[in-house]
Amino acid sequence: MKKLVFSAALVLSLGLAACGEEKTAGESKEETQTPASAETEKVQKEESKSDDNEVKEGPLTKAGQWTMDGEDKVTLVKIKEVNQTYKQGPINLTIESVKLLHHSNISNETKEYLKNVSGKDVTELNTIQLIYKMENTVDDNVMMSAIDTITTDTKAQINGYDSMSLNEDTGSYSGQVIVDSMAIFPYFNGSLEDINTVFINTGIAFNSDSGTDLGDSQRIEIAF
């Protein structure tokens, strides 16, 4: 089953954000308000506040920010800027950030993909996004799964191969290389608000030529 480039540009550069129509304030006069117009003004104020969180260019960096990817409104629910390196044998795994994102109206292509690979028939989707970097510090060829599984404090388990993004990280690293990567995982276990901790479980590192073990797997805890 082929992978999707699922909002890769959206999440990293967000160049697909649509330009919304600008709201104008003070269009109705207080002395002529009716109950209906007062309610309309309340809604407009809420929408205006929501628009303050719209990001048209650049990354989503704060909870509550959102952007449009076609017809899909993507909202950042939680974020943890990690920027920490974990050493595993000759491999340095740097976790840059973990984001929890809600997609309110996924594309037909994504709907079909999810139905085929998971049997889920959905129009909205929650996702867990990881941005990370793998560095092989030796000359030998090394293999390692940066994300073998992801688990959460809500008792969800997601396999690393369930990532929905085309990923530069193949798990195979020639000598002295750095690979920047992103993974996006579907989350079907309820509200993202309930997630307080994500655990990244790595695979072992080993020499891809000799098969020699080079570093045991790790369980990396990311708390929001």
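Let's start in the loop between β6 and β7, where lysine 155 is found; strands here are DSSP runs of E with at least two residues, helices are runs of H or I with at least four, and both are numbered from the N terminus. Keep in mind that this is a predicted model, in which local features need pLDDT of at least 70, side-chain atom pairs count only at pLDDT 80 or more, and totals for chains, interfaces and linings use all residues. Residues are numbered from 1 along each chain as its sequence is written, and side-chain values use heavy atoms, with hydrogens and water left out.

Back to lysine 155: its phi is positive, about 70°, although it is not a glycine. Lysine 155 has a relative accessible area of 79%, so it is exposed. The cut-offs are simple: buried means under 20% relative accessible area, exposed means over 50%, and partly exposed lies in between (1.4 Å probe, protein chains only).

The loop between β6 (149–152) and β7 (157–159) also holds aspartate 153. With a relative accessible area of 35%, aspartate 153 is partly exposed. Together with Glu193, Asp194 and Glu221, Asp153 forms a negative surface patch. Patch members have over 30% relative accessible area and no salt bridge, and like charges are joined within 9 Å (for nonpolar side chains, Val, Leu, Ile, Met, Phe, Trp and Tyr, the limit is 5 Å). A salt bridge would be a side-chain nitrogen of Lys or Arg within 4 Å of a carboxyl oxygen of Asp or Glu. Asp and Glu count as negative, Lys and Arg as positive, while His and the chain ends are not counted. Each charge is placed at NZ of Lys, CZ of Arg, CG of Asp or CD of Glu.

Another non-glycine with a positive phi, about 55°, is glutamine 176. Look for glutamine 176 in the loop between β8 (172–173) and β9 (177–187). Its relative accessible area is 48%, so glutamine 176 counts as partly exposed.

Now follow β9 to proline 186, which is part of that strand. Proline 186 is buried, at 11% relative accessibility. Setting aside neighbours within four places in sequence, proline 186 is in contact (heavy atoms within 4.5 Å) with Leu114, Leu125, Asn126, Thr127, Ile158, Asp162 and Met164. Isoleucine 128 is 58 residues from proline 186 in sequence, yet their C-alpha atoms are 6.5 Å apart.

Methionine 144 sits in strand β5, residues 142–144. Its relative accessibility is 3%, so methionine 144 counts as buried. Beyond the neighbours within four places in sequence, its contacts include Gln88, Ile91, Met134, Gly171, Tyr173 and Ile204. From methionine 144 to aspartate 169, 25 residues along the chain, the C-alpha separation is 9.9 Å.

Aspartate 121 is exposed, with 66% relative accessibility. Lysine 111 is 10 residues from aspartate 121 in sequence, and the two are 6.8 Å apart, C-alpha to C-alpha.

Finally, step back to the whole chain. There are three helices and 13 strands. Of its 224 residues, 40% count as buried. Among contacts between residues at least 6 apart in sequence, 69% join residues at least 24 apart. The accessible surface comes to about 12300 Å², and 45% of that belongs to carbon and sulfur atoms. Those areas come from the Shrake-Rupley method with a 1.4 Å probe, and for residues only the protein chains shown count as cover.
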